[in-house]
Amino acid sequence: MFDCRLQCGISYSKRKGDWKRLHERSQWRDLAVSVLQRLSQHYSYFMLAEAAKGMGLKQAAATYYNACVGGR
């Protein structure tokens with residue numbers, strides 16, 4: 001469960017269309033960079049995990065997912 005408060009919610013709503021397009025085009029690096037510039041740490045780790053997963057980097061994805069859930 002993400003703890004995404006007002007700032008995160010506003011940032012997300014402004015960028016979700018762009019992120020969806022980047023995800024659909026498998027533009028993982030651009031997606032990760034964009035998210036890191038905009039959102040909270042927890043959501044950033046989640047999107048990094050998704051990008052790593054999309055690139056086939058299973059261990060990196062697992063590490064990011066763990067950081068997201070663990071709140072580290």
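In which helix do Glu24 and Lys20 both lie, and how many residues apart are they? Both residues belong to helix H1, where four residues, or about one turn of the helix, separate them. The model examined here is predicted, so that local features need pLDDT of at least 70 and side-chain atom pairs count only at pLDDT 80 or more, whereas totals for chains, interfaces and linings use all residues. Residues are numbered from 1 along each chain as its sequence is written, and side-chain values use heavy atoms, with hydrogens and water left out.

The chain contains four helices and zero strands, and its elements follow the pattern α-α-α-α when read along the sequence; helices (H or I, at least four residues) and strands (E, at least two) are DSSP runs, numbered from the N terminus. Of the 72 residues, 29% count as buried, a term that denotes under 20% relative accessible area, with exposed meaning over 50% and partly exposed lying in between (1.4 Å probe, protein chains only). The accessible surface of the chain comes to about 5,000 Å², and carbon and sulfur atoms account for 53% of this area, as computed by the Shrake-Rupley method with a 1.4 Å probe, where for residues only the protein chains shown count as cover.

The largest nonpolar core comprises 10 residues, namely Trp19, Leu22, Trp28, Leu31, Ala32, Val35, Tyr43, Met47, Leu48 and Ala51. At least two residues of this core come from each of H1, helix H2 (28–38) and helix H3 (41–54). A nonpolar core is here a set of buried Ala, Val, Leu, Ile, Met, Phe, Trp, Tyr and Cys residues joined through side-chain atoms within 4.5 Å. In soluble globular proteins, nonpolar side chains tend to be buried together.

Two salt bridges are present in the structure, each defined by a side-chain nitrogen of Lys or Arg within 4 Å of a carboxyl oxygen of Asp or Glu. In one of them, the side chains of Arg21 and Asp18 meet at 2.6 Å, N to O; these two residues lie three residues apart in helix H1 (residues 6–24), about one turn of the helix. Arg21 counts as partly exposed at 39% relative accessibility, and Asp18 likewise counts as partly exposed at 30%. A salt bridge also links the side chains of Glu24 and Lys20, at 4.0 Å, N to O. Glu24 counts as exposed at 56% relative accessibility, and Lys20 is exposed with a relative accessible area of 53%.
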